[in-house]
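We will go from stop to stop, selecting as we go.

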Number of protein chains: 2
Amino acid sequence: MKTILWAAVTANGTYMHGGQSYHWPKEVFEDFDRCAAQAGNCIIGRKTHEEYAGSGGDFGRIDVVVVSRTPRAIPGVKHVTSPREALLHLEERGHVTALVGGGDSLLNAFLAEDLADEVIVNLTPELGGIGNHMALAGTDHKPMNLLGVREIGGQILRVHYALRR
Amino acid sequence: MKTILWAAVTANGTYMHGGQSYHWPKEVFEDFDRCAAQAGNCIIGRKTHEEYAGSGGDFGRIDVVVVSRTPRAIPGVKHVTSPREALLHLEERGHVTALVGGGDSLLNAFLAEDLADEVIVNLTPELGGIGNHMALAGTDHKPMNLLGVREIGGQILRVHYALRR
């Protein structure tokens with residue numbers, strides 16, 4: 001199973017949370033939707049699911065898996081309690097690629113368990129505060145290969161990496 | 001005075017410190033040297049000066065300004081105690097552009113005082129840990145204009161922004 005972590009961050013790496021004080025540019029949602037449609041699925045955290053569904057987002061016909069420690073029945077959504085369980089579920093459903101869409105805690109849980117193969121980062125043209133980050137646990141660093149970079153509109157750079165194995 | 005903040009960070013925005021456990025790729029130093037030569041100066045923190053000089057770095061004929069709270073005589077280097085004092089010194093020397101080369105504390109001091117006009121970020125193809133970050137104080141965010149992006153070798157993306165005024 002190829003596991004892709006998808007994130008949108010400010011140019012200096014701050015992981016913003018959508019809400020009343022911050023709105024992601026539409027190009028970011030469009031890229032997420034494209035990636036999820038291509039994988040046929042997405043794995044997200046409970047808060048991200050609430051934010052996305054709350055902002056009128058529509059997952060369409062893809063398999064949606066919500067990871068959270070506290071079980072919660074959401075119609076049309078598979079609930080699991082760990083990254084590994086999420087991947088197992090999608091494997092059983094016949095998927096070959098899994099798209100992990102955030103938030104930062106969930107992305108970092110996949111990184112901490114060394115479950116990521118690729119990373120897609122959308123850099124918005126902004127400077128953010130200290131805030132949250134997609135990051136490895138501890139002070140380690142891991143090399144990646146740059147697979148590509150392109151501007152997706154709105155001065156947003158979409159950068160695609162593969163973790164080196 | 002146009003003030004440019006220059007930084008090199010991992011793809012996820014971690015500001016690494018050079019030392020025994022981490023070495024910046026040579027392309028990063030080359031880009032810094034190019035930018036400093038173009039500005040004819042650089043403003044850096046005390047630790048960054050020690051790291052750079054300690055790694056055999058040579059500032060050549062540019063004006064080097066070290067910002068640190070504790071005065072310290074370094075031959076060939078102007079010592080100041082604040083970002084504003086650094087800019088004033090370079091203005092008096094006839095410079096029209098100032099290049100601020102880090103570390104993260106110094107970059108963030110310039111951001112906190114709203115003294116930055118442009119930001120150059122070199123993204124290395126790596127994932128870093130939580131660590132340090134170039135960031136605004138607090139939870140604010142500021143829009144920027146993307147001036148350009150190019151690969152400078154070693155799969156490093158050099159991204160150039162101007163803060164919107």
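The tour below starts with both chains together and then moves to single residues.

**Before you click**

This is a predicted model, where local features need pLDDT of at least 70, side-chain atom pairs count only at pLDDT 80 or more, and totals for chains, interfaces and linings use all residues. Residues are numbered from 1 along each chain as its sequence is written, chains are lettered from A and ligands numbered from 1 in the order in which they are written, and side-chain values use heavy atoms, with hydrogens and water left out.

**Stop 1: the two chains**

**Stop 2: the interface**

Now select the residues in contact (heavy atoms within 4.5 Å). Chain B gives 36 residues and chain A gives 36 residues. Of the interface residues of chain B, 100% are also interface residues in chain A, so the copies meet through the same surface.

The area buried between chain B and chain A is about 3000 Å², and carbon and sulfur atoms give 63% of that. Buried area is the accessible area (1.4 Å probe) that two parts lose on being put together, summed over both. The rule finds 14 residue pairs in polar contact across this interface, both residues at pLDDT 80 or more. A polar contact is a pair of N or O atoms within 3.5 Å; within protein, one must be able to donate a hydrogen and the other to accept it, and residues adjacent in sequence count only if both atoms are side-chain atoms.

Next, select E8(B), which gives 8 residues, the largest share of the side of chain B that touches chain A. Names like this come from DSSP runs, numbered from the N terminus: helices (H or I, at least four residues) and strands (E, at least two).

**Stop 3: Glu118(B)**

Go to strand E6 (residues 118-124) of chain B and pick Glu118(B). Is Glu118(B) buried or exposed? Its relative accessibility is 10%, so Glu118(B) counts as buried. Buried means under 20% relative accessible area, exposed over 50%, and partly exposed in between (1.4 Å probe, protein chains only). Show His160(B) too: a polar contact of 2.6 Å joins the two side chains, Glu118(B) and His160(B). Glu118(B) also touches others, including Lys2(B), Leu147(B) and Tyr161(B).

**Stop 4: the cysteines**

Over all chains, the count is 0 disulfides (a disulfide is a pair of cysteine sulfur atoms within 2.5 Å). Select Cys35(A): the nearest cysteine sulfur, that of Cys42(A), is 11 Å away. Cys35(A) counts as buried at 8% relative accessibility.

**Stop 5**

Select Gly102(B) and Gly103(B). A cis peptide bond joins Gly102(B) and Gly103(B), with omega about 0 degrees. Gly103(B) sits in the loop between strand E5 (97-102) and helix H4 (104-112) of chain B.

Asp114(A) lies in the loop between H4 and strand E6 (118-124) of chain A. Its relative accessible area is 39%, so Asp114(A) is partly exposed.

Last, select Gln155(B), in the loop between E8 and E9 of chain B. Its phi is also positive, near 60 degrees. Gln155(B) is partly exposed, with a relative accessible area of 24%.

Technical notes:
Lists of a residue's contacts leave out its neighbours within four places in sequence.
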